[in-house]
Amino acid sequence: MTLGVITLVSATAVGVVYNATKEPIEAAKSAKTKNALAQVLPGFEGEPRLDSVDVNGVPAVVYTVSKGGRVAGYAVESVTNKGFGGDIRLMTGFTPEGEIIKIEVLGHNETPGLGDKIEGKKSSFSVQFQGKTPDKDFRMSVRKDGGDVEAITASTISSRAYIDAVKNAWAALLAVRDGAQSEANTGATVQQSEDAGAATPNDTGTGATGEERKGGTQNE
């Protein structure tokens, strides 16, 4: 009887704590997303249109913004599970024509002093993507793989993973902007369209944490 009471009280307490913290956590996530949108996009009016996209099994969200009744740009929240430390989440801003405006890192677990240089405040790695249109005037792979991206020194895995997240963002953008024709070429499909407030791709849904790569080295 006593054990049952203790269990009930504990479950109730957990429920109260969850409900008390859920709203602040969601508010913090929303604020971080809005700040990222402001960082990677030019000025826009009203609320973004949201499209949830499946990129070959990996989730992405495309935010379409407008100004003066015309599309002013796109921001894509994308994720990859190929990082040295697991998931890497990005917000990539694009012009209506598809040029990359800027990329912000939303989350990662890369090695301090090495892979964490994917962050704009820690290196100029992301600058090389700005003004480029993926796979048109910029080959989206590191130079040792035949591409145009200068990898972070001693952090090839992190660099490749970052590129993978950008590629996912590009595929998601094309699916929203160009529709069925793009879906056939990229494998990305629009799942749902709605106003601001949709769920964001917090993880890849694969359960991968990057632990299987920690036994190796970054510079592969």
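User: Is K102 buried, partly exposed or exposed, and what is its relative accessible area?

Analyst: This is a predicted model, in which local features need pLDDT of at least 70 and side-chain atom pairs count only at pLDDT 80 or more, whereas totals for chains, interfaces and linings use all residues. Residues are numbered from 1 along each chain as its sequence is written, and side-chain values use heavy atoms, with hydrogens and water left out. A residue is buried under 20% relative accessible area, exposed over 50% and partly exposed in between, using a 1.4 Å probe and protein chains only. K102 belongs to the partly exposed class, with a relative accessible area of 28%.

User: Which residue forms a salt bridge with K102?

Analyst: A salt bridge requires a side-chain nitrogen of Lys or Arg within 4 Å of a carboxyl oxygen of Asp or Glu. The closest N and O atoms of the pair that includes K102 are 3.6 Å apart. The partner is itself partly exposed, with a relative accessible area of 23%, and this residue is E104.

User: Which residue is the bridge partner of K102?

Analyst: Strands are DSSP runs of E with at least two residues, and helices are runs of H or I with at least four, both numbered from the N terminus. Strand 4 (residues 86–94) and strand 5 (residues 100–107) run antiparallel and are joined by 6 bridges, where pairing needs at least two bridges found by DSSP. K102 lies in strand 5, and its bridge partner is G93.

User: Which residue in the turn between strand 4 and strand 5 has a positive phi?

Analyst: Strand 4 and strand 5 form a hairpin, with 5 residues between them. The positive phi in this turn is about 105°, and the residue that has it is G98.

User: Which residues do salt bridges that share partners join into one network?

Analyst: E119 forms a salt bridge with K121, their closest N and O atoms being 3.9 Å apart. E119 counts as buried at 14% relative accessibility, whereas K121 counts as exposed at 73%. Salt bridges with shared partners join into one network D116, E119, K121 and K122.

User: How many salt bridges does a search of the whole structure find?

Analyst: Side chains of opposite charge can pair when their charged atoms come close. Across the whole structure, the number of salt bridges found is 11.
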